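Welcome! Please have a look at it, and then read on.

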Amino acid sequence: MTTSSAESAGQGVSLGMPQLPAPAYPDDVRTRLEADAREIIARYPGSRSALLPLLHLVQSEEGHVTRTGMQFCADMLDLTTAEVTAVATFYTMYRRKPSGDYQVGVCTNTLCAVMGGDAIFETLQEHLGVGNNGTTEDGKITLEHIECNAACDFAPVVMVNWEFFDNQTPESATRLVDDLRTGTEVSPTRGAPLCTFKETARILAGFPDPREGAVEAGGSAGPASLVGLRLAKGETPPARVVHPRTAAVEGEPPHEPSPTDHLSSHDAPQDTSASDPAHPAGPTAEEGE
């Protein structure tokens, strides 16, 4: 035994054995996936551009991206498994271990967090008995905290298999996961009806949603999201009369704002370094002074 080997053995370091090649798909499964893969690849001028939808395709087969699935993608696109693995591990939509039928993601980015997203996530962890990226024992729910879903006007937002459940509370989110586990039908706030994670992955691979009425129900913009668009088109909202907080309205006592009141543009301007003579901003120093 060499000195370095003895040192490694003495320190309890195991050099391990090389990982065996990934097992192949059964012949019937591979034949079916190859046909789907060729259809996907034909959509792109360069075959390697098909890698993202191919990863969704293999994820739809097993519910997560396995070594077998990555080897399949590499074979179909003439890539190395290292190239495929680099992509599969970069994007969080690709699961690397078995997960639930329903991916329940709680947005914990800034706005959703302060509006209650953190409380929802903590409540669901305790209720389901799992941590982040944990799956319930019945295989129904995988819980995760996720970054912004571009739905801040409906915060806090929970997504199930990438469909929106808006304006959630700890109580409503708890009812939601309970209904999913018992098979009770639930409907997203907007967008298409729910399907399983495997079915969602196949749709993301670029194949049509075969469910009747699902495509027609796929719109996802809510009224709050469209306000800016209407303003951009020159549409004006109905006029609103907002009285200054210090002005008396007939029949109502005058309102004296408290320190916690949110000041509006109708309130008196607040003193700043530029407007308050007692705190002048002072002259701007010349460069080098």
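**The sheet and the overall plan**

Five strands form an open sheet with mixed pairing, in the order β2-β3-β1-β4-β5; two strands pair if DSSP finds at least two bridges between them. At its edges are β2 (134-135) and β5 (163-165), each of which pairs on one side only. This is a predicted model, in which local features need pLDDT of at least 70 and side-chain atom pairs count only at pLDDT 80 or more, while totals for chains, interfaces and linings use all residues. Residues are numbered from 1 along each chain as its sequence is written, and side-chain values use heavy atoms, with hydrogens and water left out.

**The chain as a whole**

- The protein chain has nine helices and five strands; helices (H or I, at least four residues) and strands (E, at least two) are DSSP runs, numbered from the N terminus.
- Along the sequence, these elements follow the pattern α-α-α-α-α-β-α-β-β-β-β-α-α-α.
- Of the 289 residues in the protein chain, 33% are buried; buried means under 20% relative accessible area, exposed over 50% and partly exposed in between (1.4 Å probe, protein chains only).
- Among contacts with a separation of 6 or more, 63% join residues 24 or more positions apart; a contact means heavy atoms within 4.5 Å.
- The protein chain exposes about 18,100 Å², and carbon and sulfur atoms supply 55% of that area. Accessible areas come from the Shrake-Rupley method with a 1.4 Å probe; for residues, only the protein chains shown count as cover.

- β1 (residues 102-107) is mostly covered, with six of its six residues buried.
- Y102, V104 and V106 point one way from β1, while Q103, G105 and C107 point the other way.
- With β3 (residues 141-146), β1 pairs in the parallel sense over six bridges. Here V104 has L143 as its bridge partner, and C107 has I146.
- With β4 (residues 158-160), β1 pairs in the antiparallel sense over three bridges, and V106 stands opposite V158.
- Helix α6 (residues 110-128) lies across β1, β3 and β4, and runs at about 140° to β1. Such axes are lines fitted to C-alpha atoms, for helices over the stretch in contact, with angles from 0 to 180 degrees between N-to-C directions.

**The nonpolar cores**

- In soluble globular proteins, nonpolar side chains tend to be buried together.
- The largest nonpolar core has 24 residues, and L54, L55, L57 and V84 have the most contacts inside it. A nonpolar core is a set of buried Ala, Val, Leu, Ile, Met, Phe, Trp, Tyr and Cys residues joined through side-chain atoms within 4.5 Å.
- Not counting residues up to four places away in sequence, L55 touches V65, M70, C73, V84, V87, A88 and Y94.

**Helix α3**

- Nine of the twelve residues of α3 are buried, among them L51, P53 and H56.
- These buried residues pack against α2, α4, α5 and α8 (197-204).
- At 1.5 Å a residue, the twelve residues of α3 should span 16 Å, and the end C-alpha atoms are 17 Å apart, which agrees. The expected span is 1.5 Å times one less than the number of residues.
- After α3 comes G63, whose phi is positive, near 85°.
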